[in-house]
Amino acid sequence: MNTISVIIPVYNAEKWLTEALESLQGQTYGDFEAILVDDGSTDRSAAICRNFCNKDARFRLISQPNSGVSSARNRGIDSANGEWIAFMDSDDIMPPDALEVMISQALKSGAGIVAGGFVRGIPSKMPSGRGHAMTLPSSTAILIGLYQMRILNNPWGMLFNSSVFKDEPTLRFRKCRYEDLDLFYQAFERTDKVCILDRTVYFYRDTPGSFINTWSDARFDALDVTDRIVKHMADRSPALLRAANDRRFSAHFNILVEMLRNDVDNPQQKERCLKVIKEQRLNEIFDGRVRLKNKLGALVSYLGLPAIKLLCKF
């Protein structure tokens with residue numbers, strides 16, 4: 001059995017939900033169950049979900065009071081029956097062969113996780129072909145993700161063997177923002193191999209009012225998440241500590257820039273970011289794996305806050 005459980009958190013998504021579910025319904029790989037978790041929607045989302053469930057037995061609806069995306073995904077994991085698990089957001093779409101391409105690579109490579117490519121925006125033309133696949137030890141994939149050589153922390157656009165979440169001790173999304181970054185390295189540690197696929201399997205709709213495109217104090221969660229990554233690697237995987245520190249620097253520098261750009265008055269969090277930047281910036285400059293963006297940020301930081309503020313204008 002190679003059934004894929006596709007988990008879709010739904011919250012007030014009526015504008016794009018039908019298009020998202022139709023892209024799943026039209027997959028060339030038909031052995032899937034779609035678990036729609038309505039997270040207390042107040043629009044027509046639940047009705048749209050019920051319509052799909054009534055017409056297609058592969059779709060089923062779970063309803064819960066509004067508890068956030070982490071809770072919705074966890075509820076879906078708890079209810080999943082498939083050997084494999086995939087995640088999808090309710091405003092995005094997948095090309096018709098996305099599940100087929102990922103399960104094919106999973107079975108061919110023996111990897112417990114397949115990470116496909118994604119594109120921001122909805123295209124007029126769908127991708128074709130199988131793409132190039134690279135199967136790596138999970139520790140190497142974690143290193144690539146932490147250094148941001150490739151974005152690997154998104155839960156969507158991936159295929160996970162269900163054992164990643166269900167083997168003891170079970171793994172679930174933490175209730176916080178940046179819950180995907182908080183989970184990815186822990187998920188990767190639970191399998192020997194990760195297959196990285198150079199083929200688009202997911203289209204992410206980048207909406208102007210989304211969390212990542214607006215400021216809220218919940219953005220500070222990125223600091224806690226990357227602090228936890230550093231502690232985790234220091235305790236369990238010292239070989240990945242430099243990569244973890246780079247990811248921590250990146251988060252703290254980015255949050256500082258966003259605070260300055262949005263005139264956020266929070267001296268405590270500003271000092272917290274500056275402390276990490278000052279502690280890590282020399283390592284950023286001399287670590288050959290650090291991306292150029294972080295090296296430039298480290299160099300600018302030596303010129304002080306006025307220079308960082310100037311950077312915010314670009």
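View 1. Buried here means under 20% relative accessible area, with exposed over 50% and partly exposed in between (1.4 Å probe, protein chains only). Strand E2 spans residues 32–39 and is mostly covered, with eight of its eight residues buried. Helices (H or I, at least four residues) and strands (E, at least two) are DSSP runs, numbered from the N terminus.

A word on what you are looking at: this is a predicted model, in which local features need pLDDT of at least 70 and side-chain atom pairs count only at pLDDT 80 or more, while totals for chains, interfaces and linings use all residues. Residues are numbered from 1 along each chain as its sequence is written, and side-chain values use heavy atoms, with hydrogens and water left out.

**View 2. Strand E1 beside E2.** Strand E1 (residues 4–10) pairs with E2 in the parallel sense over seven bridges; two strands pair if DSSP finds at least two bridges between them. To find your way along the pair, look for Pro9, whose bridge partner in E2 is Val37.

View 3. Thr191 lies in the loop between helix H7 (179–188) and strand E8 (193–204). Is Thr191 buried or exposed? Thr191 has a relative accessible area of 11%, so this residue is buried. Apart from neighbours within four places in sequence, Thr191 is in contact with Ala111, Gly112, Ile113 and Ser138, where contact means heavy atoms within 4.5 Å. For a sense of distance, Thr191 and Ala80 are 111 residues apart in sequence and 19 Å apart in space, C-alpha to C-alpha.

**View 4. Helix H7 within the structure.** Nine of the 10 residues of H7 are buried, so this helix is largely enclosed by the rest of the structure. Among the buried residues of H7 are Leu181, Leu183, Phe184, Tyr185 and Phe188, along with Glu179, Asp180 and Asp182.

**View 5. Stepping back to the protein chain.** The protein chain has 12 helices and eight strands. Its radius of gyration is 20 Å, close to the 20 Å that the globule rule gives for 314 residues, so the chain is as compact as a globular protein of that length. That radius is taken over C-alpha atoms, and the rule is 2.2 Å times the number of residues to the power 0.38. Buried residues make up 54% of the 314 residues.
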